[in-house]
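Welcome! Here are a few exercises to work through with the structure open beside you. Try each one before reading its solution.

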Amino acid sequence: MATVKPFKAIRPAPGLANKIASLPYDVVNTEEARNLAKDNPYSFLHVDRAEIDLAPSINPYDEIVYEKARENFDRMLKKGLLIKDNEENYYIYREIMNGRSQVGLVATVSIDEYLERIIKKHELTLPEKEQDRINHMDYCDAHTSPVFLTYKANQELKKLLNSWMGSKDPIYDFTSEDEIRHTVWIIDDKSLINKITSVFKEIDYLYIADGHHRAAASVKVGLKRREQNRDYKGDEEFNYFLAVLVPNDEVFIMPYNRVVKDLNGYSESEFIEKIEEKFEVEKCNEGQPFNPSQKHTFGMYLSGNWYKLTAKEGTFNPSDPIESLDVSILQKNLLDPILGIKDPRTDKRIDFVGGIRGLEELERRVKEDMKVAFSMHPTTVEDLIAVADGGMIMPPKSTWFEPKLRSGLFIHELS
C-alpha cells in the first residue's frame, strides 16, 4: 500500500519556468553546469550546483558551496522568481520527447515506506554522494530535486490525470533547448486530491527509477530531523520526500554504453580471439554502427570497425534477474575476464556514455581517448522491477532514463 501526499510547492513564478528549469545536478559536471548557467541568472543550477558561482578551485563538497546554495535559493525567493503555493496540491508533470509522452504525478512520499521497502530500490549508493545531498538538503531546508519513481500502471489513475489535463489550462508549458516539451498542471480540487491518494493505497509498491542518492539522503535527513524533534507527530514535511511518479508503461530507458581505455595487453587479434570463446563475433558491413535491437547482443567499435557480439548459450543464467542482464553478461564474460575490469564502479579505465549521446559519441571517444567501445541493448523497466522485487542490486550504470526530470519546477520545504 503506497502513500502519496500533496504538498505546498515552491515553484517558478509565471513566465519564468523555462528560464529556471534545469537539468538534474547529477547529469552534468561542474564545468557543464557553469556553461549552461553562465548567461542565465535564473537557472536553478545556481542552487543545485552552487559551486558554479564560486572559484574553480573550490571543492564541490566544501561547506561554502552549501552556504552559497542556500544564499541563491533565498535570493530567488526574495526576488519573487520562486513562489510558494498556499494550499497542499498535487501536480501533473508531462514531458514529450520525440513524440513520446511521459506523465508523472508530483507528490511527496513517505520515508517510512522507503525503510519498509514499499518504496523499492535497485542500486547501491556511494557515501560521498549521499552526504553531498544530505548537506544540500539540510542547508536549503528543502528537497530541490525530485526522485523519479515508477509503479505498475493503474488505468483508473490514468483516466483521472488525463481528464484533468484535458479540461484544465497548464500553469507551465515550454520547450527546452533539447526539444523536450514540458507541461505542468496544478491539481487543486480537494475531491480529486483525495481520490488520487486513495487510488495509490491500492498500489502495492513504488520503485525508484532514478535518484537513489536523493532518496537515501532524504530518508537520512528525515531521521535526523526526528532526532532533533523528539515530539514529532509524523505529519511534518521532513517525514516525506519529493517525487515524480510515472507509470511503468510510460518509462523510457535508453542504453548505458561503455568505453574502455586499452585492451589489457592483448593485440587486437588476440582480443577478438578471446571474445570468441563466449560470444559469436560478426564484423558489420562497411563499418556501420551496430545498435543492438534485442537482448544479449552487443555492438563493439574497435579500430574503425563495428562488430556484432552475441552471447553464446550457457554463458549466463536466463532465469536469474541479475545474471541475465546484458550489463552483467558483458561484465562477467568480457570486461572482467578479458579486460581485467573487476569493479566498473571504481576502475578508471572504463567510462560510461548515456544512450542519449548516440553511437557517434562512442566513435568519437575511441578516436580521442579510448581504445574500444560497446553499445548495449537497454535494460527494460520489467528488468528493473524484477530486480527490485527480488531485493537485488543491479550492476552500476545499468539504466539511462529519458527524458530527464527538470529541477527547479517543484521544491519541497522540509519545515
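**Exercise 1.** Which residues are buried in α9?

*Solution.* Before starting, note that this is a predicted model, in which local features need pLDDT of at least 70, side-chain atom pairs count only at pLDDT 80 or more, and totals for chains, interfaces and linings use all residues. Residues are numbered from 1 along each chain as its sequence is written, and side-chain values use heavy atoms, leaving out hydrogens and water.

Step 1: find the helix. Helix α9 covers residues 212-228; helices (H or I, at least four residues) and strands (E, at least two) are DSSP runs, numbered from the N terminus.

Step 2: apply the cut-offs. Buried means under 20% relative accessible area, exposed over 50%, and partly exposed in between (1.4 Å probe, protein chains only).

Step 3: list the residues. The buried ones in α9 are H212, H213, R214, A215, A216, A217, S218, V219, V221, G222, R225 and R226. Because twelve of the 17 residues of α9 are buried, the helix is largely enclosed by the rest of the structure.

**Exercise 2.** Find how α6 and α9 pack.

*Solution.* Step 1: take the geometry. The angle between α6 and α9 is about 55°, and their axes lie 8 Å apart. Axes are lines fitted to C-alpha atoms, for helices over the stretch in contact, and angles run from 0 to 180 degrees between N-to-C directions.

Step 2: name the arrangement. This makes α6 oblique to α9; angles under 35 degrees count as roughly parallel, over 145 as roughly antiparallel, 65 to 115 as roughly perpendicular and the rest as oblique.

Step 3: look at who touches whom (contact means heavy atoms within 4.5 Å). From α6, the contact residues include R133 and M137, and from α9 they include A217 and V221.

**Exercise 3.** Which residues have the most contacts inside the largest nonpolar core?

*Solution.* Step 1: recall the term. A nonpolar core is a set of buried Ala, Val, Leu, Ile, Met, Phe, Trp, Tyr and Cys residues joined through side-chain atoms within 4.5 Å.

Step 2: read off the answer. In this core of 60 residues, they are F271, M300, L334, L339 and F374.

Step 3: check for another core. A second, separate one has 34 residues, including A2 and V109.

**Exercise 4.** Is D141 buried or exposed?

*Solution.* Step 1: locate D141 in the loop between α6 and β7.

Step 2: look at its backbone. D141 has a positive phi of about 55°, although it is not a glycine.

Step 3: compare with the cut-off. D141 has 16% relative accessibility, so it counts as buried.

Terms used
The expected span of a helix is 1.5 Å times one less than its number of residues.
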